[in-house]
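Good morning, colleagues. I would like to present one structure today, and I ask you to keep the display in view as I speak.

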Amino acid sequence: MLIQFLLLAAVAVLIFVFVRHWNTARTRAWKRLAFLAFCVANAYAVLRPGDTTKVAHWVGVGRGTDLVLYLLVVGVTMLALNTYLRFRVMERRLTELARDTALRTAQRPDPERPLAAVEGDRTP
Amino acid sequence: MVVTATPALGRRRAYRDVWIIIPVYNEAPVIGGVVTEVLRTFPNVVCVDDGSSDGSAERIAATRAHLLRHPVNLGQGAALETGLRYALAQPGAERFVTFDADGQHRVDDVLAMLDLAGQRSADVVLGSRFLGPEGEVPWQKRIVLRTAAAVSPTARRLKLSDAHNGLRLFNRKAASRLHITMNGMAHASEITGFLARSGLRVAEAPVTIRYTDYSRTKGQSLMNGVNILFDLSFTNKKG
């Protein structure tokens, strides 16, 4: 069925785009265009709900509702992947920031301090 | 505890080029003792407090170790990387040892690893729990670690018997080429992966782990292995 091909292709494209060049200016532009298309399709589906079923029939899906559900799954997957990768970048930045702070505020030992253990420590 | 000053001082002078890097996360009950014990042999110790909330940093500040503090908790891999960067920038630093904070590692094993690196002119020496007597390793742990070493392609290529031991020795060449990007526990696999690709001379040395009740409660769980695999599967695909 056409829908199977379309959905599998969508997943493949998403994985490739996000894992390879997910944050280039071009991908960002595509994300915005996709969002715009999503809004237009939304408005259209609200105004003419019968048409989603027509489109669904073209691609081999029984009901318009099912088609919307399938597309929703692709959309959610995209969102999850996007968020995950974005968090990773944030984590890398946070690491660099924290490391920089740690290195700048390094406490050198006082050479006068005795070597002996601190009271109350138990030797492991 | 009595500290005998004279022999320790001579020994300490001989290891002035060695830096011991200890990542610390919530180890307040033992860290002071661990650091003090290491300092008796090695003059240069840097502890990286990885955002501990139990006063570990204060314990370290009371010793003669260098103290770095991550403002937030990042993970053991990140702490090791920070400590290595710091130690590499210190004048005269030539050899770098990563050492666990919970007291499971022994200073004698570090000395043996330094000797081995000299004898075999190795760039890197990794501690292995399985080269010596295995009696100390609890059997569940033995199965997990053996499996980890067996399924890891890089550990196989390097013929390692233990891919997840925290006791490691790097010379300057190896330490300056190593960049740990895995903040969490996946850094162990990241390090062996780097070593397998690097062409550095890697040796393994037998170490004995002190499995105290304290370190037992802190060890890696089996489920953490799942996290490690997940982190690693995304390592080489960053855009």
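I shall begin with conventions, then turn to chain A and to the sheet of chain B.

The model is predicted: local features need pLDDT of at least 70, side-chain atom pairs count only at pLDDT 80 or more, and totals for chains, interfaces and linings use all residues. Residues are numbered from 1 along each chain as its sequence is written, while chains are lettered from A and ligands numbered from 1 in the order in which they are written.

Chain A has four helices and zero strands; helices (H or I, at least four residues) and strands (E, at least two) are DSSP runs, numbered from the N terminus. Of its 124 residues, 9% count as buried, that is, with 20 or more other C-beta atoms, placed from the backbone, within 10 Å of their own. Of the contacts in chain A between residues at least 6 apart in sequence, 53% join residues at least 24 apart; a contact requires C-beta atoms, placed from the backbone, within 7 Å.

In chain B, seven strands form an open sheet of mixed pairing, ordered β3-β2-β1-β4-β6-β5-β7, where pairing requires at least two DSSP bridges between two strands. The twist averages 20° from one strand to the next.

Within this sheet of chain B, β4 (residues 95-98) and β6 (residues 168-171) pair in the antiparallel sense over four bridges. There, B:Phe96 has B:Phe170 of β6(B) as its bridge partner.

Finally, helix α2 (residues 28-41) of chain B lies across β1 (18-24) and β2 (44-49) of chain B, at about 160° to β2(B). Axes are lines fitted to C-alpha atoms, for helices over the stretch in contact, and angles run from 0 to 180 degrees between N-to-C directions.

Methods: Two residues are in contact if their C-beta atoms, placed from the backbone, lie within 7 Å. A residue is buried if 20 or more other C-beta atoms lie within 10 Å of its own, exposed if 12 or fewer, and partly exposed in between; C-beta atoms are placed from the backbone.
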